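Okay, thanks for coming, everyone.

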Amino acid sequence: MSEIQVAEEPVRRIPGDAAKSPQPGTALCLSGGGYRAMVFHVGVLWRLNEARMLPELDRVSSVSGGSITAGVLAMNWKHLDFDEEGVAQEFVSQVVDPIRAMAGTHVDVPALLTGIGLPFTSVADRVVRAFRKQLFGKKTLQDLPDKPTFVINATNLESGDLMRFRKAYLADYRVGRVNHPDLPLAVAVAASSSFPPFLSPCTVDLAHEQWVTEDGNDLTGPEFRNEIRLSDGGVYDNLGLETAWKNYLTVLVSDAGGHLGPDPDPPSDWGRHLLRVLKVMDNQVRALRKRQVIDSFQRKVRTGAYIGIRSHVADYGLADPLPVDEAVASRLAAIPTRLDSMDEELQRQLINWGYVICDTGLRAHLGKGPGAGKLPYPDSALTKS
């Protein structure tokens, strides 16, 4: 294998990375994909919980819809009530129930209409308000646990790089760092999930914060440190890999991102044409990162598993996989990338699918034995259309 192939990584090295090398530990990446991703990741977490792997996590890195799920998990971490074996006894009440309640609400269209139609507000402001009302209340980044480290990622449209929100600090490697930010969790999650063009940008006022300048920061003027315009974290890093891959040797990637289908007559009006172009760009970057992640696992550069909403159970070669109809899985993967109400049966099936493909990946690649042996929602089987 050539040196070029060996050097390929699904992340971009930036100043400050060279002296660091991945350490023993486990990171979980939660991709974007609107409510589809938010709910699919619940199924993945459900299986990880049964496998006693949640307490083993050192980092959870998320973007977009994955940040909604990560925010709820982080906010309620201290209430999960882990037993002696490492299984969270309150996983359903503290994670599943609030996320499923959120999945039953309309956010994107109401936010768009009121953000455009009302004065002194924006679409992103309305998304923040919805997240605050439905999930996060007055919680801030300081309410997150110390371990695992939760990193909520957004794209800084001013620097063109990643803005990382965590308990210890918020930072952009070109702009600087703010230690122990008291930023509302709803704002961080809304910034991470402000998908363009309709929900973006999300403007965050950081003018009152005490910025720390470090080596490599080259955008330190007030114009870059006051009101910062942010967009969906998936614009920069659609799998949430950046902060996980560079730091830990074991990486689990839960990917519920969108898929670009062929279109024999793509629209030519600027609005729909722009959407098509954005989807093409996202699809190409996602495909490249996915290939590099899987290749790194195969070459033993990292241990871990890629858990994709479009993965096929049969490809893993398990003798006794949980049953799933590929047509049902494909239908679930095709749910539009929206923050729009999802009926309860669809939620249950999507959680079941996340559970099944996670179970498949854990057993095939990490040797984790079967869990409870049944779906989270047995009455919502994946073997019927």
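Let's begin at Ser-64, which sits in the loop between β2 (57–63) and α3 (65–75). This is a predicted model, so keep that in mind as we go. What is the phi of Ser-64? It's near 55°, a positive value, and this residue isn't a glycine. And is Ser-64 buried or exposed? Buried: its relative accessible area is 7%, and the cut-off for buried is under 20%.

There's another non-glycine residue with positive phi to show you, Asp-81, with phi near 60°. Asp-81 is in the loop between α3 and α4 (91–103). At 45% relative accessibility, Asp-81 counts as partly exposed, whereas Ser-64 is buried.

While we're on backbone geometry, let's do the cis peptides. One joins Lys-147 and Pro-148, with omega at about 0°. If you want to find Pro-148, go to the loop between α6 (123–136) and β3 (149–156). Then there's the bond from Ser-200 to Pro-201, also cis, with omega near 5°. Pro-201 is in the loop between α7 and β7 (202–205).

Since α7 came up, have a look at that helix, residues 185–192.

Okay, zooming out. The protein chain has 12 helices and 11 strands. For 385 residues, a compact globule would have a radius of gyration near 21 Å, and this chain comes in at 20 Å, which agrees. The C-alpha trace spans about 60 × 50 × 50 Å along its principal axes. As for burial, 54% of the residues count as buried. And if you take contacts between residues at least 6 apart in sequence, 76% of them join residues at least 24 apart.

Now the inside. Nonpolar side chains in soluble globular proteins tend to be buried together. Here the largest nonpolar core has 96 residues, and those touching the most other members are Phe-40, Leu-48, Phe-131, Phe-136, Phe-165 and Trp-353. Which helix gives the largest share of this core? That's α2, residues 34–50, with 10 residues. Apart from this core there's another one, of 13 residues, among them Ala-27, Leu-241, Phe-297 and Tyr-306.

Let me pick out Phe-40. Leaving aside residues up to four places away in sequence, Phe-40 touches a list that includes Ser-254, Asp-255 and Ala-256, then Ile-307, Gly-308 and Ile-309, and also Leu-350, Trp-353 and Ile-357.

Last stop is Asp-359, in helix α12, residues 344–365. Asp-359 is buried, with a relative accessible area of 2%. What does Asp-359 touch, not counting residues up to four places away in sequence? Arg-47, Leu-322, Pro-370 and Gly-371. And one more pair to look at: Asp-359 and Ala-51 are 308 residues apart in sequence, but 8.9 Å apart in space, C-alpha to C-alpha.

That's my tour, thanks.

How values were computed. Residues numbered from 1 in each chain as written. Predicted model: local features only at pLDDT ≥ 70, side-chain atom pairs only at ≥ 80, totals over all residues. Heavy atoms only, no water. Helix = DSSP H or I, 4+ residues; strand = E, 2+ residues; numbered from the N terminus. Rg over C-alpha atoms; globule rule 2.2 N^0.38 Å. Buried < 20%, exposed > 50% of the residue type's maximum accessible area, 1.4 Å probe, protein only. Contact = heavy atoms within 4.5 Å. Core = buried A, V, L, I, M, F, W, Y, C linked by side-chain atoms within 4.5 Å.
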